[in-house]
Amino acid sequence: MRIAAIYIPSGVLPHIFGENHEGYTINLGGRYIYDLKDNGKTSVIYSKTENPNYIEKFWGDDILSIATIVGKNGTGKTSILNAFRDRSFCEYVIEKDSGENPEIWVDTIGHFDIIYYSPFLNIQNIDYEHNNFYDI
């Protein structure tokens with residue numbers, strides 16, 4: 001299994017995506033590219049298309065995926081990372097190795113180790129990090 005996409009529901013990060021923004025799907029390079037939409041209290045996979053850039057076992061047998069978030073200073077990369085670590089509203093598209101029957105999860109604890117790097121010393125990390133988020 002791999003985290004193929006992360007969904008940020010509408011209106012929760014106005015300082016990054018603007019006031020009254022629609023939900024935003026961040027795809028992380030899985031077998032498929034997903035687009036999610038709000039559906040009341042939860043979200044649903046609105047579309048799923050094959051990822052033409054996906055390479056099977058690119059990282060070997062033990063690492064299923066590596067993803068990066070890049071951008072200029074002040075564009076919201078840290079705010080998005082904090083949203084993932086805090087998990088207060090993000091939803092995750094979990095893809096089986098075959099890519100069939102993806103699921104939407106509201107949490108990753110006990111299922112995945114999420115390793116990230118941030119060059120900034122952030123005193124808030126202790127408040128955000130749960131038992132499966134590791135800042136190297």
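A pocket is here an open set of grid points with protein on both sides within 12 Å along at least five of seven lines, and its lining residues are those with an atom within 4 Å of a point. In the predicted model examined here, the second largest pocket is lined by 18 residues, among which Y54, I55, F58, W59 and L64 lie nearest its centre. The volume of this second largest pocket is about 330 Å³, and its lining divides into eight nonpolar, five polar and five charged residues.

Of its 136 residues, 34% count as buried.

A nonpolar patch on the surface is formed by I55, F58, W59, I63 and I66, which together present about 520 Å² of accessible area; I55, F58 and W59 are also among the residues that lie nearest the centre of the second largest pocket. I66 belongs to the loop between β4 (42-50) and α2 (77-86), and because its relative accessible area is 46%, I66 is classed as partly exposed.

The loop between β4 and α2 also contains P52, which is exposed, with a relative accessible area of 69%. Although P52 and R31 are 21 residues apart along the chain, their C-alpha atoms are separated by 8.4 Å.

Five salt bridges are found in a search of the whole structure. One of them joins the side chains of E95 and R2, with an N to O distance of 3.1 Å, and this pair links distant parts of the chain, given that E95 lies in strand β5 (residues 91-95) and R2 in strand β1 (residues 2-8), 93 residues apart. Both E95 and R2 are buried. In the salt bridge between K57 and D61, by contrast, where the N to O distance is 3.5 Å, K57 and D61 are exposed. A further salt bridge is formed by K37 with D35, the closest N and O atoms being 3.6 Å apart. Here K37 is partly exposed, with a relative accessible area of 31%, and D35, at 26% relative accessibility, likewise counts as partly exposed.

Conventions: Residues are numbered from 1 along each chain as its sequence is written. This is a predicted model: local features need pLDDT of at least 70, side-chain atom pairs count only at pLDDT 80 or more; totals for chains, interfaces and linings use all residues. Side-chain values use heavy atoms; hydrogens and water are left out. Patches are made of residues with over 30% relative accessible area and no salt bridge: like charges are joined within 9 Å, nonpolar side chains (Val, Leu, Ile, Met, Phe, Trp, Tyr) within 5 Å. Accessible areas come from the Shrake-Rupley method with a 1.4 Å probe; for residues, only the protein chains shown count as cover. A salt bridge is a side-chain nitrogen of Lys or Arg within 4 Å of a carboxyl oxygen of Asp or Glu. Helices (H or I, at least four residues) and strands (E, at least two) are DSSP runs, numbered from the N terminus. Buried means under 20% relative accessible area, exposed over 50%, partly exposed in between (1.4 Å probe, protein chains only). On a 1 Å grid over the protein atoms alone, a cavity is a set of points where a 1.4 Å probe fits but cannot get out, and a pocket is an open set with protein on both sides within 12 Å along at least five of seven lines; lining residues have an atom within 4 Å of a point. Grid points are joined across faces, edges and corners, and a volume is the space filled by probe spheres set on the points. Ala, Val, Leu, Ile, Met, Phe, Trp, Tyr, Cys and Pro count as nonpolar, Asp, Glu, Lys and Arg as charged, and the others, Gly among them, as polar.
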